[in-house]
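The sequence and the structure come first.

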Amino acid sequence: MAAKTHRTAAHPAVLPARALNRATLDRQLLLRRSPMSAKDAVTHLVGLQAQNTKPPYFQLYARLADFDPEELSALMESREAVRTVSLRSTLHTHTADDALTLVPLVRAPRDRELKGFRRGLAGVDLDRLAAVTEVFVEERPRPLGELREELLTHWPDADPLALSVAARCLLPLVQVTPRGLWGRSGQVALTTVEHWLGRSAAPAPTPSLDATVLRYLGAFGPASVMDFQAWAGLTRTKEVFERLRPGLLTFRDERGVELFDLPDAPRPDPETPAPPRFLPEFDNVLLGHADRTRVIPEVNKGRNGKGNQTYGSVLVDGFLDALWRVDREGGTAILTVQALRKPTRAQRTEITEEAARMLTVMTGAADHDVRFGTFLDFGD
């Protein structure tokens, strides 16, 4: 059932947090697991947050019916998906097509990051640095330490960290397999996207920012200009939304912020049931908006981690209301759920059942145990 909204041209409908929550969860494939393939899901979600190697797999497990981690691993082995720096200058898993065309479109955050290292790059010709890096990593994929050492032979007085950051920011590089494969490991080794994929972005038309906004709304909407900018790491995109306005619907959130949306996108009834979902420490839905209250209640803001440590998040009734982590005791995988608000008896049962299913598929442990307890002290 669609959310009940009433509006006029002068007074757009107001979408409360719960309505925004259900709309976003539906598009994020978190209201019900989708039968789509892993490749189609990575495309629909416009990439998966991938600072660590395991989160992309857990993101897909939470969203897809009968997900097998080897499906994503096979995409990476066949080079149909890659890990590369893109949105917000952070690592994401993208399809090969998006790695070639979307990543150059969101280069601005990498340019800003590079400026932060300019003192360590005094006297460095950045065009030459890019050229040297390209030749070196296309000879064969290079570990970061080797790349840094090579660049220091050309610019011995430069800051080593700044040189490696500059290489990553100037060139579209991928972390090659076996890094990122399910159940396997490997050190970070880099080469260029085009060399790894064996094809250039030139034959395919580069997507416009307009098309990227529409894809974003399809996976994260309804959303504001600031939401899109926070997700992409871009600025000054209001004119794009104004250009698209005639073909979009507009709403307001409870704070009066204007939201844009695709006319035919799902906006479920706010009372639509939302089953528990275990999300990894980094997940698209937790990072895709400037105003994250549609998923993270104000009272739980910043509570999915402490310091530099981030934990898994549990959505309860659609909102972040618990944390989780897995420990091993021999052959047993022990999942501890730390509730941020006391769950009802029914919610506790649903959380336990979902946790058990996830452990069965995602850990390979002979035995597993689900516990409710405390592993993070917030000091309050």
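## Charges over rings

Arg 79 lies over the face of Trp 196, 3.4 Å from the ring centre. A charge counts as sitting over a ring if NZ of Lys or CZ of Arg is within 6 Å of the ring centre and within 35 degrees of the ring normal. The charged end of Arg 33 sits over the ring of Tyr 61, at 4.8 Å from its centre.

## Basis of the model

This is a predicted model, in which local features need pLDDT of at least 70 and side-chain atom pairs count only at pLDDT 80 or more, while totals for chains, interfaces and linings use all residues. Residues are numbered from 1 along each chain as its sequence is written, and side-chain values use heavy atoms, with hydrogens and water left out.

## The largest nonpolar core

The largest nonpolar core has 33 residues, and Leu 60, Phe 67, Phe 278, Leu 335 and Met 358 touch the most other members. Such a core is a set of buried Ala, Val, Leu, Ile, Met, Phe, Trp, Tyr and Cys residues joined through side-chain atoms within 4.5 Å; buried means under 20% relative accessible area, with a 1.4 Å probe and protein chains only. The largest share of this core, five residues, comes from α15. Helices (H or I, at least four residues) and strands (E, at least two) are DSSP runs, numbered from the N terminus.

Leaving aside residues up to four places away in sequence, Met 358 touches Phe 58, Tyr 61, Phe 278, Trp 324, Leu 335 and Thr 363; contact means heavy atoms within 4.5 Å.

## Aromatic pairs

There are 12 aromatic pairs, counted where ring centres of Phe, Tyr and Trp (its six-membered ring) lie within 6.5 Å; planes under 30 degrees apart are stacked, over 60 edge-to-face and the rest tilted. Phe 58 and Trp 324 form a tilted pair, 5.9 Å centre to centre with 45° between the planes. Phe 58 is in helix α3 and Trp 324 in strand β13, 266 residues apart, and both are buried.

One aromatic cluster is formed by Tyr 216, Phe 220, Phe 228, Trp 231, Phe 241 and Phe 260.

## Helix α12

Helix α12 spans residues 225-232, and six of its eight residues are buried: Val 225, Asp 227, Phe 228, Gln 229, Trp 231 and Ala 232. These buried residues pack against α6, α11, α13, β8 and α14. After α12 comes Gly 233, with a positive phi near 80°.

Conventions. Buried means under 20% relative accessible area, exposed over 50%, partly exposed in between (1.4 Å probe, protein chains only).
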